[in-house]
Amino acid sequence: MVAILANIIPIGHLAAEETIAFPSSVEIETGDTWSYQGQRYRLYGVQSCLRGSEFVAADGVSSDCGARSMAPLAALLMTETVACQPIGKAKDQATFVVCAANLNGNNIDVGTALISTGSSFAAVYPTGEPVSKAYLVAEMTARSGKAGLWSGRFQHPVQMLLNSR
């Protein structure tokens with residue numbers, strides 16, 4: 001996602017006109033990307049754990065970090081009312097979206113929810129600057145509270161992506 005964010009193509013006129021509500025029939029690809037009706041959607045400013053990377057829980061049990069990132073996104077998209085605003089296109093033609101979920105009568109930002117519970121991370125631009133400072137604060141809070149993935153060991157996906165450049 002790091003390299004993709006640098007190449008966002010704005011679709012501002014759509015953001016004001018179109019809100020997309022996703023039913024439970026979406027296909028989860030990663031903890032920040034899904035497909036619906038032949039189109040890919042990606043949460044703007046959110047980076048999930050990379051599929052195939054390792055997560056080691058406090059009890060020493062190892063699992064796929066990317067799969068652990070996918071579960072909370074799937075739970076939100078499959079069980080809650082989620083509405084998204086498209087904000088641009090990625091180089092791979094995925095639509096960047098900012099989403100809100102209605103939980104118990106309260107609207108919450110999906111990116112903040114995923115990051116603050118420790119299942120995803122704040123994405124950064126190729127320069128290392130955070131896409132969203134609010135998401136970075138949510139990540140720091142999750143890390144200090146050892147929420148979600150922060151309760152174990154893993155290689156941070158943003159560092160993996162920045163180092164692979």
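Helices (H or I, at least four residues) and strands (E, at least two) in these legends are DSSP runs, numbered from the N terminus. The views show a predicted model, in which local features need pLDDT of at least 70 and side-chain atom pairs count only at pLDDT 80 or more, while totals for chains, interfaces and linings use all residues. Residues are numbered from 1 along each chain as its sequence is written, and side-chain values use heavy atoms, with hydrogens and water left out.

View A. Welcome to helix α5 (residues 133-144), where valine 137 is found. Valine 137 is partly exposed, at 47% relative accessible area; partly exposed sits between buried (under 20%) and exposed (over 50%), using a 1.4 Å probe and protein chains only. Together with Leu136 and Met140, Val137 makes up a nonpolar surface patch with about 260 Å² of accessible area. Patch members have over 30% relative accessible area and no salt bridge, and nonpolar side chains (Val, Leu, Ile, Met, Phe, Trp, Tyr) are joined within 5 Å. A salt bridge here would be a side-chain nitrogen of Lys or Arg within 4 Å of a carboxyl oxygen of Asp or Glu. The areas come from the Shrake-Rupley method with a 1.4 Å probe.

View B. A disulfide is a covalent bond between the sulfur atoms of two cysteines, and the cut-off used is a pair of cysteine sulfur atoms within 2.5 Å. By this rule there are two disulfides. In this one, the sulfur atoms of cysteine 49 and cysteine 65 are 1.9 Å apart. Cysteine 49 sits in the loop between β6 (46-48) and β7 (54-56) and cysteine 65 in helix α3 (residues 65-79), so the bond ties together parts that are 16 residues apart in sequence. The S-S torsion is about 65°, so this disulfide is right-handed. Both cysteine 49 and cysteine 65 are buried.

**View C. The disulfide of cysteine 84 and cysteine 99.** Here the S to S distance is 2.0 Å. Cysteine 84 belongs to strand β9 (residues 81-89) and cysteine 99 to strand β10 (residues 95-103), so the pair links parts 15 residues apart in sequence. With a torsion of about 105° around the S-S bond, the disulfide of cysteine 84 and cysteine 99 is right-handed. Cysteine 84 and cysteine 99 are buried. Counting the bonded cysteines of the chain in sequence order gives the pairing 1-2, 3-4.

**View D. Serine 120 and its contacts.** Serine 120 lies in strand β12 (residues 120-122). Serine 120 is buried, with a relative accessible area of 0%. Setting aside neighbours within four places in sequence, serine 120 is in contact with Gly31, Val46, Gln47, Ser48, Ser69, Leu114 and Ile115; contact means heavy atoms within 4.5 Å.

Notes. Patches are made of residues with over 30% relative accessible area and no salt bridge: like charges are joined within 9 Å, nonpolar side chains (Val, Leu, Ile, Met, Phe, Trp, Tyr) within 5 Å.
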